[in-house]
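Here's a quick tour of a pocket and one of the helices beside it. Have the model open as you read.

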Amino acid sequence: MKNILKAWLRKNELTPNPNDMMAVVSPVGKINKSGLIDAIMEEGIELKRETIEDIVTRYNRVAASFSARGWNVDTGLVYLRAIITGVFFGKKFDPEKNGIYVSATQGVEIRKELADTEVEILGEQADLMHIFQVINMQTKAADGTLTRGRNVEVEGSYLKLMGSDPSVGVYLENVDSGTEYKFEEEFIVINHPSKLMLLVPPGLDAGMYRLKVVTQFTGSNKLLTAPRQTVFGQELTVI
């Protein structure tokens, strides 16, 4: 069965060309390991669910362990490679200046699926405000992680924080507890229409969060009467 990937077109605010458009994928939903195993069971496999879950869990653990020990791991789905970040002024690894992350790039199975995928353009997206990606500046990766005490770059359009409404700001909402943290002004390093640079608070609890930006910015001298907001489509993990 051919895959259909639906997307909206929107003006690319990172370039001055008014005809420069970019496609933003319209997300269908979120699926985790349990949901994937459900899909496997629906195919009619002759194994118990517990057996499949045990195999998948062990496979993931072993692949992660090999990559963490310096192996270049080809899972068939992705290629995993450990990378050490930061500069070394001495001869030892310094957790305050250096970090470790695993780079994941598409493998054979993903390339096969992409070759059998059609893109369906839904039209031009009406709301100009959008978050394109979030980059962990410690690891230089847009992998959905935020490191406490380090910077994170938020790229998008119409993100500049402007306006006197008390709701204007950047928020992280804890997925489990619903607790919402609003970035203090001193933690907002860069405030541009297409880019925000934020310092992730060192004391923020680890966990899964949703990123939200609220502003009255319009791109002109006039401000919106009521603030508008955008929520990043991917949940972020604070580590």
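About 590 Å³ of space lies in the largest pocket. A pocket here is an open set of points on a 1 Å grid over the protein atoms alone, where a 1.4 Å probe fits, with protein on both sides within 12 Å along at least five of seven lines; the volume is the space filled by probe spheres set on the points. This is a predicted model: local features need pLDDT of at least 70, side-chain atom pairs count only at pLDDT 80 or more, and totals for linings use all residues. Residues are numbered from 1 along each chain, and side-chain values use heavy atoms, leaving out hydrogens and water.

**The pocket lining**
- There are 17 lining residues (each with an atom within 4 Å of a point), and Leu 36, Val 56, Tyr 59, Asn 60 and Leu 77 lie nearest the centre.
- Helix H1 (33–42), helix H2 (49–68) and strand S4 (78–85) each give two or more residues; helices (H or I, at least four residues) and strands (E, at least two) are DSSP runs, numbered from the N terminus.
- H2 gives the most, with 5 residues.

**A closer look at H2**
- Which residues of H2 are buried? They're Ile 52, Ala 63 and Ser 67, where buried means under 20% relative accessible area (1.4 Å probe, protein chains only).
- Seen down the axis of H2, those buried residues fall within an arc of 30 degrees (taken from the directions from the axis to the C-beta atoms), so they line one face of the helix.
- The face turned away from that buried side carries Glu 50, Arg 61 and Ala 68, which are exposed (over 50%).
- Just after H2, Gly 70 has a positive phi of about 100 degrees.
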